[in-house]
Amino acid sequence: MTDDVLARPAPRRGRPPGTSARELEVAALRLFGEQGFHETTVDQIAAAAGVSRRTFFRYYDAKADVLWNEFDTEVETIRSLLAGMPADLPVLEAVRRAVLEANHYRAADVPELRRRMTLLSTVPDLAASAAVHYDAWERAISAFVARRSGQPEESLYPLVVGRAVLAACRAAYDRWSARADADLTVYLDAALRALAAGLADDVLGAEPDPVV
């Protein structure tokens with residue numbers, strides 16, 4: 001992928017194109033790739049996006065937050081969706097619907113997301129912060145399970161569901177990123193349906209094949 005392509009904010013379903021937050025995100029990813037994370041300053045990111053330093057800090061508290069922007073937004077979206085789920089909907093079905101609705105990544109988004117994940121895994125400061133964000137995602141699920149079950153959020157079953165769902169979604173993300181052949185929701189749906197079915201033998205067949 002060329003720098004010219006990377007410099008253009010790619011519109012995604014479910015989000016308004018051309019927002020300043022998105023422009024800052026794309027500019028930051030390009031500069032991190034060209035110069036390195038630590039070598040890139042907030043002023044450089046703002047200038048590359050054509051906005052002021054003050055505007056940058058209206059969207060992000062620090063340059064590292066750019067890499068987690070969409071992830072953190074997804075957490076809040078899932079929380080909101082779960083809060084509105086019908087009370088008679090089974091817990092894992094409610095979770096599946098919320099996760100699918102909150103995710104709008106397409107196969108075309110994979111190259112950018114691979115670059116993001118490379119930074120998160122190779123820059124020690126960023127890698128160390130990942131646990132905080134994953135914990136927030138997990139807690140969005142466990143808090144919902146706790147409300148529905150009437151149990152404390154830190155009790156066994158809310159924690160089991162939160163951690164199992166996070167693991168299933170991370171596995172789905174990894175396979176989707178490796179194959180880049182469909183929307184992420186194809187893999188998330190398959191993983192969460194298998195989890196809801198208790199990972200029984202009859203659901204552990206071939207993984208999704210969107211080409212067919």
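A quick word on the model first: it is predicted, so local features need pLDDT of at least 70 and side-chain atom pairs count only at pLDDT 80 or more, while totals for chains, interfaces and linings use all residues. Residues are numbered from 1 along each chain as its sequence is written, and side-chain values use heavy atoms, with hydrogens and water left out.

Let's start with the domains. The domain assignment gives domain 1 (21-65) and domain 2 (68-197); such bounds come from an automatic or database assignment. Their C-alpha centres lie 26 Å apart. Eleven residues of domain 1 are in contact with ten residues of domain 2, where contact means heavy atoms within 4.5 Å.

Now to the annotation. UniProt, in an unreviewed entry, places a "DNA-binding region" at residues 41-60, and annotations of this kind may be inferred rather than shown by experiment. That span is 75% helix and 0% strand, and its end C-alpha atoms lie 13 Å apart.

On to the helix pair. Helices here are DSSP runs of H or I, at least four residues, numbered from the N terminus. Helix 2 (residues 20-35) packs against helix 5 (residues 65-83) at about 135 degrees, with the axes 9 Å apart. Axes are lines fitted to C-alpha atoms over the stretch in contact, and angles run from 0 to 180 degrees between N-to-C directions. That makes helix 2 oblique to helix 5, oblique being what is left after under 35 degrees (roughly parallel), over 145 (roughly antiparallel) and 65 to 115 (roughly perpendicular).

Who meets whom? From helix 2, Arg22, Leu24, Glu25, Ala28, Leu29 and Phe32 meet Val66, Leu67, Asn69 and Glu70 of helix 5.

Terms used
Helices (H or I, at least four residues) and strands (E, at least two) are DSSP runs, numbered from the N terminus.
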